[in-house]
Amino acid sequence: MTILWRVMFLAEKYGRMTLTLDEVAEQIGLAPATIKSRRVRGEFQWLRTDARMLYADVRDVADWIEQQRKPPDAGTVAPAAVAIGNHRYVVVSRAAELTGYTAKAIQRKIQDGVWPEGVVWKRAPDGRVLIDMDGYGRWVENGNPQEPGVRRTKARP
């Protein structure tokens with residue numbers, strides 16, 4: 001049922017049953033270049049090409065997302081550095097979907113220093129900005145992501 005819902009959501013959002021590489025990247029939270037290189041190594045075989053561009057069916061994207069959400073089998077050891085299932089670090093576009101803020105509002109919070117680097121966001125080794133969803137949660141709860149449990153005392157107008 002969850003996959004059907006996700007397929008319907010993606011089809012409604014994009015108005016078609018296929019997604020471009022950039023749209024796939026936005027949905028799964030990886031850079032297009034990362035997807036291309038991992039496809040060369042044997043992953044993402046469900047991506048197809050028409051000699052001009054890569055694309056995928058919304059069903060294949062939904063299946064991949066749901067597969068990543070499932071906990072690993074008891075006999076399977078997941079890599080320690082990858083946290084795709086719980087989405088601790090996400091790209092700005094995915095954070096916008098999860099939080100309800102626009103990507104521009106998130107970028108403005110970063111630029112204005114409302115969200116400090118290393119606390120609510122980090123720069124990935126490839127230079128992309130990643131939002132730490134745990135830091136964001138602390139910011140929502142306390143107003144100050146650096147001090148868990150301490151509330152902001154100054155009232156806002």
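A polar contact is a pair of N or O atoms within 3.5 Å; within protein, one must be able to donate a hydrogen and the other to accept it, and residues adjacent in sequence count only if both atoms are side-chain atoms. This is a predicted model, in which local features need pLDDT of at least 70, side-chain atom pairs count only at pLDDT 80 or more, and totals for chains, interfaces and linings use all residues. Residues are numbered from 1 along each chain as its sequence is written, and side-chain values use heavy atoms, with hydrogens and water left out.

Q: Which residue caps the N-terminal end of α7?
A: Helices (H or I, at least four residues) and strands (E, at least two) are DSSP runs numbered from the N terminus, and α7 covers residues 133–142. A side-chain oxygen lies 2.9 Å from the backbone nitrogen of aspartate 134. The capping residue that supplies this oxygen is aspartate 132.

Q: Which residue just after α7 takes a positive phi?
A: The phi in question is about 80°. The residue is glycine 143.

Q: At what angle do the axes of α2 and α3 cross?
A: Axes are lines fitted to C-alpha atoms, for helices over the stretch in contact (heavy atoms within 4.5 Å), and angles run from 0 to 180 degrees between N-to-C directions. The axes of α2 (residues 21–28) and α3 (residues 32–40) come within 9 Å and cross at roughly 100°. That makes α2 roughly perpendicular (65 to 115 degrees) to α3. Residues including Leu21 of α2 and Pro32 of α3 make the contact, and the crossing angle is roughly 100°.

Conventions
Buried < 20%, exposed > 50% of the residue type's maximum accessible area, 1.4 Å probe, protein only. Parallel < 35°, antiparallel > 145°, perpendicular 65-115°, else oblique.
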